[in-house]
Amino acid sequence: MLLSSDLLLIGGALLASLVNAQVDPLLTGTWTTKSRKVFTGPGFYDPVNEKIFEPPLTGFSYSFTDDGFYEVAYYRASSNPAQPSCPRGIIQWQHGKYHKASNGSLILNPFAVDGRQLMSDHCSYGNAVYTRYHQQEIFKHYEVFPNPYDKAQRLNLYGWDGAPLNPMYLAYKPPQMLPTQTLNPTSSAATGSQPSGTSKSKRDLPGDDDGLVQEAMNRKALLKERHSTHADRLWWLGVSMTALGGVGYFCF
């Protein structure tokens, strides 16, 4: 009896060590880029009312939990030097499970049915395009350390090809996130946590969909309550101003 109890304890300890080896407690929390205006959680995406709230500045945010879940919010705007009146923008939200591989890389597998994307390129499309979206992300390696300037905790992520992302800084611990479960289940997605996109991560603007999985949805569901006559005009104006502000922010 004592032997079987000891074996159970040893087996439980080994199982716990295997589970813990898949996550890194140093990642736990909500991280955001220099603008400190983009955060994961209910302030970015409302899954009940299908609304994404546009941040005042571009940037991105990642959140991680102790038990292997993650969430990401992403907002990018780009000016168009060839056509200054044609700025482009993209907003993305995903969540799912992550683990740390034996080679030190991070693997982020989204819940496929939950991801959302809004793309705006009014010179190519009549309206902004709202889609379901999911994309597995692989980071070759990462670093967590105190920032040498202000001692704030800093997270450096390196893409699947080793290219660095903009650094992020710890904003909340515990993390600020939506529930870590499938929020918008569909009858055709019983395995929603399994990614079906390419193993490479690529977050680009319209026309660069390299393996991204998208499903068209009602774009107007993303808008805050505004008069419908001006919704698209306000969206494009916001993207224009954000693109210009982003250039100025990082240049000056």
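What is the mean pLDDT of the protein chain, and what share of its residues reach 70 or more? This is a predicted model. The mean is 76, and 65% of the residues reach 70 or more.

## Overall build

The protein chain has 252 residues, and 44% of them count as buried. Two helices and 13 strands make up its assigned elements. Of the contacts with a separation of 6 or more, 66% join residues 24 or more positions apart. The chain exposes about 13,100 Å², and carbon and sulfur atoms supply 57% of that area.

## Nonpolar cores

The largest nonpolar core has 17 residues. Tyr62, Phe64, Tyr98, Leu106, Leu155 and Leu157 have the most contacts inside it. Five strands each supply at least two residues of this core: E4 (59-64), E5, E7 (106-110), E10 (137-146) and E11 (153-159). A second, separate core has twelve residues, among them Ala73, Tyr75, Ala128 and Tyr130.

Leaving out residues up to four places away, Leu106 touches Leu27, Tyr98, His99, Lys100, Glu137, Ile138, Phe139, Tyr142 and Leu157. Tyr98 and Leu157 are also on the list of core residues with the most contacts.

| Residue | Partner | Kind | Distance |
|---|---|---|---|
| Glu71 | Trp93 side chain | polar contact | 2.9 Å |
| Glu50 | Arg116 | salt bridge | 2.8 Å |
| Glu143 | Tyr158 side chain | polar contact | 3.0 Å |

Is Glu71 buried or exposed? Glu71 is buried, with a relative accessible area of 0%. This residue lies in strand E5 (residues 69-78). Its side chain makes a polar contact with the side chain of Trp93 at 2.9 Å. The Glu71 side chain also reaches the backbone nitrogen of Leu178 at 2.8 Å. Beyond four places in sequence, Glu71 touches Thr40, Gly41, Ser61, Tyr62, Ser63, Trp93, Gln94, His95, Met177 and Leu178. One of these, Tyr62, is among the residues with the most contacts inside the largest core.

Which residue forms a salt bridge with Glu50? The partner is Arg116, with the closest N and O atoms 2.8 Å apart. The structure holds one salt bridge. Glu50 sits in the loop between strand E2 (45-46) and strand E3 (51-52), while Arg116 is in strand E8 (residues 116-120), so the pair ties together parts that are 66 residues apart in sequence. Both Glu50 and Arg116 are buried.

Glu143 has another setting. It is partly exposed, at 31% relative accessibility. Strand E10 holds this residue. Apart from neighbours within four places in sequence, Glu143 is in contact with Arg154, Leu155, Asn156 and Tyr158. The side chains of Glu143 and Tyr158 are joined by a polar contact of 3.0 Å. Glu143 and Leu157 are 14 residues apart in sequence, and their C-alpha atoms are 6.8 Å apart in space.

Key:
Residues are numbered from 1 along each chain as its sequence is written. This is a predicted model: local features need pLDDT of at least 70, side-chain atom pairs count only at pLDDT 80 or more; totals for chains, interfaces and linings use all residues. Side-chain values use heavy atoms; hydrogens and water are left out. Helices (H or I, at least four residues) and strands (E, at least two) are DSSP runs, numbered from the N terminus. Buried means under 20% relative accessible area, exposed over 50%, partly exposed in between (1.4 Å probe, protein chains only). A polar contact is a pair of N or O atoms within 3.5 Å; within protein, one must be able to donate a hydrogen and the other to accept it, and residues adjacent in sequence count only if both atoms are side-chain atoms. Contact means heavy atoms within 4.5 Å. pLDDT is the predictor's confidence in each residue, from 0 to 100. Accessible areas come from the Shrake-Rupley method with a 1.4 Å probe; for residues, only the protein chains shown count as cover. A nonpolar core is a set of buried Ala, Val, Leu, Ile, Met, Phe, Trp, Tyr and Cys residues joined through side-chain atoms within 4.5 Å. A salt bridge is a side-chain nitrogen of Lys or Arg within 4 Å of a carboxyl oxygen of Asp or Glu.
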